[in-house]
Amino acid sequence: MNGTNGFGKLFSPTTAAAYCGTTLALLLAIAPGASAQAPAAIPDHAHARPYGGGWTCDRAYRQTSDTCAAVIVPAHAHLSSFGNDWECDRLYRKSEDGCVALVIPAHAFAEDSNYGRGWRCEQAYRESSGNCVAVRVPANAYAVDSPFGSGWKCERGFGEVDGACLAVVVPANARLDESGSRWNCHRGFAKDANECTRVEVPANAYLDSAGSGWRCERGLATAGNTCVPLEIPVNAHVDFGGNNWTCDDGYQKNAAACIADGTRRARP
């Protein structure tokens, strides 16, 4: 028996069919996903998502149940950036299923926004019942372009009092602050009612960062209006702030002393 005849007997039609069936069963066992149901059909005017499976409607269509319906764009409107809805053109506003022209009153201008009225009053005018009325600006004030507040602001050196702008009285050793409607004392002076009094800095002290108070030098503590040396116990040191003390590592505070916390031996 030659090799060809032997191969033919080895893979007879019956044997080949059994072999193929076994191989198919093995492949299905290895790849269970192959036996899963086929994905749902993609409806008209839709396309498969590039990631995650499923489908999404084409531009100018929106999903309605399992279909894609055309977006009906009314007059004076255009497709939104996502393409599944519509927006009104500039100078138009949504009204039910259409777009109506924006009515801009006198002394107003169109505002590019899909929210609010769609227009704003010019500077020196305020909205009132759908119209723009002139703002009454008091003496020593100027109109501001803002939809909030009174529509005006006092000039620098004046403060608002009951709808009027009154001059700010700046005492000696003081200056107007950044707002221009209040005052602050110069460095080295502190506010006392409507005056600025000099800060008396005791010995071994200096003006604080604000300039309206003082603090003791490092290693000293405040005692009334003076600075006294810190009483630092054994196994302690001046803290970060410089005006108090804290225990060394391995010690804990107990009243006015530092005792070992058990992690290290006390110093001899």
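Here are some notes on the side-chain contacts and disulfides in this predicted model.

1. Disulfides first. As a reminder, a disulfide is a covalent bond between the sulfur atoms of two cysteines.

2. Start with cysteine 57 and cysteine 68, whose sulfur atoms sit 2.1 Å apart in a disulfide. The torsion about this S-S bond is about -90°, so the link is left-handed. It connects distant parts of the chain, with cysteine 57 in strand 2 (residues 55-57) and cysteine 68 in strand 4 (residues 67-70), 11 residues apart.

3. Next comes the disulfide between cysteine 88 and cysteine 99, at 2.1 Å from S to S. Cysteine 88 belongs to strand 6 and cysteine 99 to strand 8 (residues 98-101), so this pair ties together parts 11 residues apart in sequence. The link of cysteine 88 and cysteine 99 is left-handed, with -90° about the S-S bond. Cysteine 88 and cysteine 99 are each buried.

4. Further along, cysteine 247 is joined to cysteine 258 by a disulfide, S to S 2.0 Å. Distant parts of the chain are linked here too: cysteine 247 is in strand 26 (residues 245-247) and cysteine 258 in strand 28 (residues 257-260), 11 residues apart. The S-S bond of cysteine 247 and cysteine 258 has -90° about it and is left-handed. Cysteine 247 is buried, as is cysteine 258.

5. On to charges: there are 3 salt bridges. In one of them, aspartate 85 pairs with arginine 62, with the closest N and O atoms 3.0 Å apart. Aspartate 85 is in the loop between strand 5 (77-79) and strand 6 (86-88) while arginine 62 is in strand 3 (residues 61-64), so the contact ties together parts 23 residues apart in sequence. Aspartate 85 is partly exposed at 30% relative accessible area, and arginine 62 is partly exposed at 31%.

6. Glutamate 111 and arginine 120 also meet in a salt bridge, at 3.9 Å from N to O. With the cut-off at 4 Å, I'd look at this contact by eye. Glutamate 111 is partly exposed at 30%, and arginine 120 is partly exposed at 23% relative accessibility.

7. Aspartate 177 makes a salt bridge with arginine 182, the closest N and O atoms lying 3.3 Å apart. Aspartate 177 is buried, with a relative accessible area of 12%.

8. Last, the rings. The structure holds 0 aromatic pairs. Lysine 94 does lie over the face of tryptophan 86, 4.4 Å from the ring centre, and arginine 117 lies over the face of tryptophan 119, at 4.8 Å from the ring centre.

Conventions
Residues numbered from 1 in each chain as written. Predicted model: local features only at pLDDT ≥ 70, side-chain atom pairs only at ≥ 80, totals over all residues. Heavy atoms only, no water. Phe/Tyr/Trp six-rings, centres within 6.5 Å; stacked < 30°, edge-to-face > 60°. Lys NZ or Arg CZ within 6 Å of the ring centre and 35° of its normal. Salt bridge = Lys/Arg side-chain N within 4 Å of Asp/Glu carboxyl O. Helix = DSSP H or I, 4+ residues; strand = E, 2+ residues; numbered from the N terminus. Buried < 20%, exposed > 50% of the residue type's maximum accessible area, 1.4 Å probe, protein only. Disulfide = S-S within 2.5 Å.
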